[in-house]
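This report looks at a pocket and at some charged pairs in the structure shown here.

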Amino acid sequence: MARVARNAVSKVAFATIVIATSSIVPINFAQTDNLDGLIAKGDVEAVRRHVGKTPSADEAGWIARAAANRAAVADAARRDPAYRDAERIFTDWLATIERDQQSATHRRAFDRATAQASLGGLLTQWAAPDLDAMEFAAKPKTSTETADRLRRARLCFELADKEIDPLATVARDRMAEDELLSLGIYDQIIPAQREIAFRRAWAEIALARAETTKSAQSDLLKSAADRFMALLRLELTGEDELNCRLGLGVALRQRGELEDASRELRRVSDASTVDATRARARYELARAQIDLEHFAEARALLDPLARRDADELPPNQHALTFYINAAKLWHALSYLRESESLEKATAGSAARGTLARKASETRAKGLAELNELGQRGDIWRRITAEHLETAIPLSTDPAALSSAELLITVRRQIDARKWADAIAGLNRALASKSLDRTQRAAALFDLGRCYFERGDLPEAADAFSRSAMTDAQHANAEQAALNAYRLWAKIADQSRQPADYARLVASLRLLIEWYPARAAEVEAEWWLAVAMQASGDFSEAERLYAAVQPGASRALDAQYRRWACARALLAAERDKLPPPDFASRAAHIAEELAAIGRVRTEDDGSERYRAARDIRARATLEAAELWGGAGLGDGRRALELLDSFEDRYDSPQLLGRVLTARLRAYRELGDEAKAASVIETLLAAATKGASTAKGVTSSGSALALIAQGMQEELDRLESAGNRADAARVAADAVPTFTKLRAWINDKPDRKPHLAPVLYGLARAQWLAGELSDAELSANELILLEPENGEAQRLRALILTERLTPDASKQEVDAARTAWGRLLQDRDLRTRRPDRYWEARWNALSLMLRAGAADDVLQAITQEKIWYPLMGGPPWQERFEALYAQARDAADRSARTAPGAP
């Protein structure tokens, strides 16, 4: 029973049973040479055109054979219709034979036997995919349609037997020799009789697999075995004999007569010169050895097949595809069968500990092989999933599974997109010490994917980072490093938190050190400097920017960023430097920035020109900010740099900071009138509906720009940790925001511009230490926009900062409620994880302050189960410290409780 590949595209190609190709002697069809190609490729219509409208019995046979070939190569969607059509054509062939009254009786009987046997072969071939699937199924079953086709096939062979047996008797009569020779069938009758018996035996083996009762199966297999033995008594030789012994061995194996089956199959395996026959014999022999519990011998037989790659077979060996794939599966299953055998042997054994350990190790090997097979493609994934579900039901308590079993279960949960279950299983497996480095790296990669699919980007990025660092040789290590970089970049871009940029730095360094080609592809060296700057590592960022060559594409940006980092370093050291040193360094940085602003670039309308113009604008603005206000205190130099800024640089996004810098410069010069006039001019222009400057229109954008400029300056100082300068700038900003609020409140139609101004005022008052006024402004904003998350956060910060050591329970509860209001946003942790962890930590800190230590311990434990990263730095460290405080408080409470020893 040969098997040929049907799906060359799939990673796992399954075969179909083609009974006719295993014939002892093939049944020949009379045909002319020019029909060979048409029949072989299944071109039914072309064959019909060739033979005409009223085909003879022979010609009807040609059409039927073409239909069978067409069905054999049909794709999955067309397969059943093609076989139904072929069955109808075969029926027409039989009808044509019956109508041919001109044909001699013996010839018609022979043609009927040939047609019935061929129809039986067609029906068996139609059932083949179901039978092949049973070989791979954990719980084999066939459809009622398949069983019906096989019963009809068996009936066809019985009818063929009834036709051919009398002819065989006639053929042995010397008196009939001349008649049969004249009919052209004398030499074909005995071979055909044997062929039909051979096919019928195989059809009975196939039907036995489709039957549901043991008795029916046993009867069919006995009948098949008897037929093969009868054929063998005819003293066949060569491959004809071996094909019969192969069939006999399969029938005996399926019937449970394993020793006899093994003897026949081993004989075929040792003697056959046909690759497919030898492969099948080895495979069937291995199955018999598994049933005999000779597991090592079974694997030795399967190994040569299992190690081969079916995709690399030459065309003339595609019949091996089925056995290669089946050997891979049963090699893995042999370990599971052996483990079951060892577990049974532990009962009452003095060596049960050793046997139990060996059973566990053997089971682990089998599961690992199955899991590995499942990674080979979708077909294999479906096959192994059924066996794994049988071996490890998904309902099994994770605590009862080994780490290896957990990882396998997780793979199925991932396939089912059960991310929460998979995360729990992976974290449990990773907490054990039984995983080797490669397994740990793979588990971390899967964990990263699960977190990512669930929208938990920080946890996903952390898992990918750890996967890449655990094993650089892991198959997905490079992808893990790249995933970590991309996710930390996205997270940092959203949060703008130095801690997130610091983790981006770590991921970029990993990419650069271990995967230089991929690092170059994503310009990791440049983004490393950018991330370091954003994370607050200004010294190292400045060094990297300074190393960029003057002719490089990013040279201008690098020079600007270099001096921006120098400015940030100077601001951080301000309180430590003597005033002359500070002034000298500040002036040098301001001159370098101003020089960048004066660089000439040709206006060619390109994106590159616009980017360069924006860099020059930013450099000029930063130079002006250094000269004026809280910098060098030289308002005149600042105003000179900002003179006609709007005309020189088309950068409306910077106008807010420009206006803010002018205000501070005028105030530095003591010219409050000019400072007031900047605001008054903008307010008057907004009132009259006139344009005030390039990029500033009357629709309230002037107000928005002032608010935005002040906010950006406060953001920059806060991000750099420069709270003292932030407080000074905030104190300067309060009068401006107060004037803006008064102007907006003067007319009802200006109300749409109130929210950003109120937020800027509340934040400036908070940073300036005016907490009572800040709370009033925040409350006013919340009344205006109850769902404004930034306003809610600012109010929570203010209420928390106002708490004194002897604050009342009502004050503590008010602050805690404010943080809880933020946590009601279910999307907060995904959308703004930095805000979520800040709110969570503050809420739990206040809960602990209220005396609920046990609740705090439980809450932190629960968070840590699902989010081991706990928000990363600085929140992870803060949660650890809070957990320790809560544990101490709970211990003290237990010691002082009534009745405590």
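The second largest pocket is lined by 37 residues, and Met 134, Ala 138, Pro 140, Arg 287 and Arg 337 lie nearest its centre. A pocket here is an open set of points on a 1 Å grid where a 1.4 Å probe fits, with protein on both sides within 12 Å along at least five of seven lines, and lining residues have an atom within 4 Å of a point. The model is predicted, so that local features need pLDDT of at least 70 and side-chain atom pairs count only at pLDDT 80 or more, while totals for chains, interfaces and linings use all residues. Residues are numbered from 1 along each chain, and side-chain values use heavy atoms, without hydrogens and water.

The lining of this second largest pocket divides into 13 nonpolar, 10 polar and 14 charged residues.

Side chains of opposite charge can pair when their charged atoms come close. Across the whole structure, 66 salt bridges are found, a salt bridge being a side-chain nitrogen of Lys or Arg within 4 Å of a carboxyl oxygen of Asp or Glu. The table lists some of them.

| Pair | Closest N and O atoms |
|---|---|
| Asp 92 and Arg 88 | 3.4 Å |
| Arg 280 and Glu 284 | 2.5 Å |
| Arg 417 and Glu 453 | 3.6 Å |

Arg 280, with a relative accessible area of 3%, is buried, and Glu 284 is buried at 2%, whereas Asp 92 is partly exposed at 38% and Arg 88 is partly exposed at 40%; buried means under 20% relative accessible area, exposed over 50%, and partly exposed in between, with a 1.4 Å probe and protein chains only.

How values were computed
Nonpolar A, V, L, I, M, F, W, Y, C, P; charged D, E, K, R; others polar.
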